[in-house]
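Dear colleague,

I am handing over a structure for your attention. Please look through it first; a summary of the findings follows.

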Amino acid sequence: MLTTLNHLTLAVSELARSVDFYHHLLGMRLHARWDNGAYLTCGDLWICLSVDEARRVIPADQSDYTHYAFSVDEGALAAFTMRLEQAGVVSWKVNKSEGASYYFLDPDGHKLEAHVGDLAQRLAACRAKPYQGMVFFD
(Lines give C-alpha, C1' and ligand atoms only; values in the text may rest on other atoms or scores of the structure.)
Protein backbone atom coordinates (compact mmCIF):
# COMPACT_ATOMS: atom_id res chain seq x y z
CA MET A 1 0.00 0.00 0.00
CA LEU A 2 1.31 3.44 -0.89
CA THR A 3 1.59 5.95 1.93
CA THR A 4 2.67 9.33 0.50
CA LEU A 5 4.33 11.05 -2.43
CA ASN A 6 8.00 10.03 -2.26
CA HIS A 7 9.51 12.45 -4.75
CA LEU A 8 8.81 14.37 -7.92
CA THR A 9 11.20 14.10 -10.88
CA LEU A 10 10.94 16.75 -13.57
CA ALA A 11 12.61 16.25 -16.94
CA VAL A 12 14.36 19.52 -17.84
CA SER A 13 16.10 20.77 -20.97
CA GLU A 14 18.65 23.12 -19.34
CA LEU A 15 19.81 22.35 -15.82
CA ALA A 16 21.23 25.77 -14.93
CA ARG A 17 18.04 27.55 -16.01
CA SER A 18 15.87 25.11 -14.05
CA VAL A 19 17.99 25.28 -10.90
CA ASP A 20 17.83 29.06 -11.09
CA PHE A 21 14.02 28.91 -11.46
CA TYR A 22 13.30 26.39 -8.68
CA HIS A 23 16.01 27.49 -6.23
CA HIS A 24 16.38 31.22 -6.71
CA LEU A 25 12.96 32.27 -8.01
CA LEU A 26 10.68 29.80 -6.19
CA GLY A 27 12.90 29.48 -3.11
CA MET A 28 13.28 25.71 -2.94
CA ARG A 29 16.28 24.41 -1.02
CA LEU A 30 19.11 23.10 -3.20
CA HIS A 31 20.81 20.01 -1.72
CA ALA A 32 22.95 18.67 -4.57
CA ARG A 33 23.71 19.30 -8.21
CA TRP A 34 25.60 17.32 -10.85
CA ASP A 35 26.14 17.48 -14.62
CA ASN A 36 22.70 16.12 -15.46
CA GLY A 37 20.59 16.81 -12.42
CA ALA A 38 19.89 18.37 -9.05
CA TYR A 39 18.11 17.54 -5.81
CA LEU A 40 15.96 20.13 -4.07
CA THR A 41 13.27 20.14 -1.43
CA CYS A 42 10.07 22.10 -1.00
CA GLY A 43 9.17 21.51 2.64
CA ASP A 44 9.21 17.72 2.97
CA LEU A 45 8.81 17.14 -0.78
CA TRP A 46 11.94 15.87 -2.53
CA ILE A 47 12.31 17.13 -6.10
CA CYS A 48 14.74 15.83 -8.68
CA LEU A 49 15.57 17.83 -11.80
CA SER A 50 16.88 15.49 -14.50
CA VAL A 51 18.24 16.62 -17.88
CA ASP A 52 16.30 14.91 -20.68
CA GLU A 53 16.77 15.84 -24.32
CA ALA A 54 13.21 14.71 -25.08
CA ARG A 55 11.94 17.68 -23.04
CA ARG A 56 13.14 20.04 -25.76
CA VAL A 57 10.63 18.65 -28.29
CA ILE A 58 7.44 18.62 -26.21
CA PRO A 59 5.54 21.89 -26.75
CA ALA A 60 4.04 23.25 -23.52
CA ASP A 61 0.71 23.90 -25.24
CA GLN A 62 0.26 20.24 -26.20
CA SER A 63 -0.47 18.78 -22.81
CA ASP A 64 -3.37 18.29 -20.43
CA TYR A 65 -4.46 19.56 -17.01
CA THR A 66 -1.74 17.55 -15.24
CA HIS A 67 0.14 19.91 -12.94
CA TYR A 68 2.08 20.05 -9.70
CA ALA A 69 0.71 22.17 -6.86
CA PHE A 70 2.78 23.63 -4.06
CA SER A 71 1.40 25.25 -0.92
CA VAL A 72 1.77 28.96 -0.25
CA ASP A 73 0.47 31.01 2.66
CA GLU A 74 -2.55 33.16 1.84
CA GLY A 75 -0.75 36.34 2.92
CA ALA A 76 2.23 35.55 0.66
CA LEU A 77 0.40 34.65 -2.56
CA ALA A 78 0.09 38.19 -3.97
CA ALA A 79 3.79 38.98 -3.47
CA PHE A 80 4.76 35.54 -4.84
CA THR A 81 2.60 36.09 -7.93
CA MET A 82 4.02 39.56 -8.50
CA ARG A 83 7.59 38.24 -8.20
CA LEU A 84 6.95 35.61 -10.86
CA GLU A 85 5.14 38.01 -13.18
CA GLN A 86 8.00 40.53 -12.89
CA ALA A 87 10.41 37.73 -13.81
CA GLY A 88 8.38 37.06 -16.98
CA VAL A 89 6.99 33.71 -15.84
CA VAL A 90 4.03 32.61 -17.99
CA SER A 91 0.64 31.96 -16.40
CA TRP A 92 -1.22 29.02 -18.01
CA LYS A 93 -4.63 29.14 -16.33
CA VAL A 94 -6.90 31.47 -14.39
CA ASN A 95 -8.07 30.06 -11.07
CA LYS A 96 -11.75 29.11 -10.99
CA SER A 97 -11.79 26.66 -8.08
CA GLU A 98 -12.01 27.03 -4.31
CA GLY A 99 -8.88 28.43 -2.69
CA ALA A 100 -6.63 31.09 -4.12
CA SER A 101 -4.14 29.84 -6.70
CA TYR A 102 -1.64 31.06 -9.26
CA TYR A 103 -0.96 28.70 -12.18
CA PHE A 104 2.39 29.12 -13.93
CA LEU A 105 4.89 27.37 -16.20
CA ASP A 106 8.49 26.54 -15.41
CA PRO A 107 11.16 27.10 -18.10
CA ASP A 108 10.40 23.69 -19.66
CA GLY A 109 6.64 24.13 -19.72
CA HIS A 110 5.84 22.00 -16.65
CA LYS A 111 2.53 23.18 -15.27
CA LEU A 112 2.82 24.35 -11.68
CA GLU A 113 0.44 25.89 -9.17
CA ALA A 114 0.91 27.91 -6.01
CA HIS A 115 -2.15 27.03 -3.92
CA VAL A 116 -3.62 28.38 -0.69
CA GLY A 117 -5.46 25.82 1.40
CA ASP A 118 -5.54 22.08 1.91
CA LEU A 119 -7.76 19.12 1.12
CA ALA A 120 -9.92 19.59 4.24
CA GLN A 121 -10.73 23.16 3.17
CA ARG A 122 -11.47 22.02 -0.40
CA LEU A 123 -13.81 19.26 0.79
CA ALA A 124 -15.64 21.67 3.10
CA ALA A 125 -16.21 24.05 0.18
CA CYS A 126 -17.37 21.16 -1.99
CA ARG A 127 -19.79 19.96 0.67
CA ALA A 128 -21.28 23.46 0.71
CA LYS A 129 -21.44 23.58 -3.10
CA PRO A 130 -20.77 20.14 -4.64
CA TYR A 131 -19.57 19.62 -8.19
CA GLN A 132 -22.08 17.92 -10.48
CA GLY A 133 -22.40 14.24 -9.54
CA MET A 134 -20.09 14.56 -6.52
CA VAL A 135 -20.23 11.85 -3.87
CA PHE A 136 -18.40 11.98 -0.51
CA PHE A 137 -16.98 8.91 1.21
CA ASP A 138 -15.92 10.20 4.62
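How many residues line the largest pocket, and which lie nearest its centre? The lining of this pocket has 13 residues, and Leu-26, Cys-42, Phe-70, Ser-71 and Phe-80 are those nearest the centre.

Some notes on the source come first. This is a predicted model, in which local features need pLDDT of at least 70 and side-chain atom pairs count only at pLDDT 80 or more, while totals for chains, interfaces and linings use all residues. Residues are numbered from 1 along each chain as its sequence is written, and side-chain values use heavy atoms, with hydrogens and water left out.

The chain contains 3 helices and 8 strands (DSSP runs numbered from the N terminus, helices being H or I with at least four residues and strands E with at least two). Their order along the sequence is β-α-β-β-β-β-α-β-β-β-α.

A pocket here is an open set of points on a 1 Å grid over the protein atoms alone, where a 1.4 Å probe fits, with protein on both sides within 12 Å along at least five of seven lines; lining residues have an atom within 4 Å of a point. Strands E3, E5 (68–71) and E8 each contribute at least two lining residues.

Of the 138 residues in the chain, 33% are buried (under 20% relative accessible area, with a 1.4 Å probe and protein chains only). The largest nonpolar core has 26 residues; such a core is a set of buried Ala, Val, Leu, Ile, Met, Phe, Trp, Tyr and Cys residues joined through side-chain atoms within 4.5 Å. Phe-21, Tyr-22, Leu-26, Leu-49, Leu-84 and Phe-104 touch the most other members. Helix H1 gives the largest share of this core, 5 residues.

Phe-21 deserves a separate note. Phe-21 counts as buried because its relative accessibility is 6%, and Phe-104 counts as buried at 1%. The rings of these two residues have centres 6.3 Å apart and planes at 45 degrees, so the pair is tilted (rings of Phe, Tyr and Trp, the last by its six-membered ring, pair if their centres lie within 6.5 Å; planes under 30 degrees apart count as stacked, over 60 as edge-to-face and the rest as tilted). Phe-21 lies in helix H1 and Phe-104 in strand E7, 83 residues apart.

With kind regards

How values were computed: Buried means under 20% relative accessible area, exposed over 50%, partly exposed in between (1.4 Å probe, protein chains only).
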